[in-house]
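Here are a few notes to get you started with this one. Have a look at the model first, then read on.

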Amino acid sequence: MSTKTLQIPTADGQADAFAVFPDGGERHPGVLLYPDALGIRPVLKEMARQLAEHGYYVLVPNIFYRHGPAPVVELPEYIGEEARPTVIAQLMPMIQAHTAERALRDADAYLTFLTAQPEVSTGPVATIGYCMGAVSAMRTATAHPDKVAAVAGFHPGPLVTDAPDSPHHRVPELTAQVHLGLAEGDMSPEALTELNQALDTAGVGYTTEVYPGTVHGFTMSDTEAFNPAALQHHWDCLLPLLDRTLANR
């Protein structure tokens, strides 16, 4: 695997990013991976590496770049029950400042950058995300249906809200195939039904699944939420989705 630390030009500055892709000089389908609120850190880099091993160029942007390079706050190696409140309190102003407008502006820049990389093949890309990153992945896919062929989100942030810019309102614009893996309690049954109805109406191929026995954050091995079986199930759902949607393998 080859890795790079990159700077992505955006409308609001420069977003630092991590990229990983197979060695050998060939071109590979692009994947835009949005991290959870804890950001780029060793566990995210390892997950990106595992994905790249299957033949993808994976770009992981620092979504909080306006507040500084990653890591924007000091993170312990393990974010357990005692450390989490302090970490989240530091991140919360950045989370709240990351509006839908900002996310969409950044998505334009990230996709433009990703598809221009010499190691990335022509053709569609995928957007995947974790926690709040899943919301950004969905926003990116709905805003760029001509570029995004697959979208996946795991233990997502709010996808159905009362706000006018709720992600589910843009679902009719989707052309991508979708997989959403939810923790128990991530969405109310009513919200999940509303999301599924929007996806049905859009006519896209999708699966939404509540991973049993999980709590929010289940893919992240550096947190107390980690569930090894659910992480494996996440790979079992994600890899076939990418395999069937991204051309030029």
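1. Some ground rules: two strands count as paired if DSSP finds at least two bridges between them. Strands (E, at least two residues) and helices (H or I, at least four) are DSSP runs, numbered from the N terminus. This is a predicted model, where local features need pLDDT of at least 70, side-chain atom pairs count only at pLDDT 80 or more, and totals for chains, interfaces and linings use all residues. Residues are numbered from 1 along each chain as its sequence is written, and side-chain values use heavy atoms, with hydrogens and water left out.

2. Start with strands E6 (residues 148-154) and E7 (residues 177-183), a parallel pair with 5 bridges. Within it, Gly153 has Leu180 of E7 as its bridge partner.

3. Now zoom out: the open sheet has 8 strands with mixed pairing, in the order E1-E2-E4-E3-E5-E6-E7-E8. Strand E1 (2-10) and strand E8 (206-211) are at the edges with a single partner strand each, so one side of each has no neighbour in the sheet.

4. Which strands does helix H1 (residues 42-52) lie across? They are E1, strand E2 (13-21), strand E3 (30-34), strand E4 (57-61) and strand E5 (125-130), and H1 runs at about 50 degrees to E2. Helix H3 lies across E1, E2, E3, E4, E5 and E6, at about 135 degrees to E1. Angles here run from 0 to 180 degrees between N-to-C directions, with axes fitted to C-alpha atoms, for helices over the stretch in contact; contact means heavy atoms within 4.5 Å.
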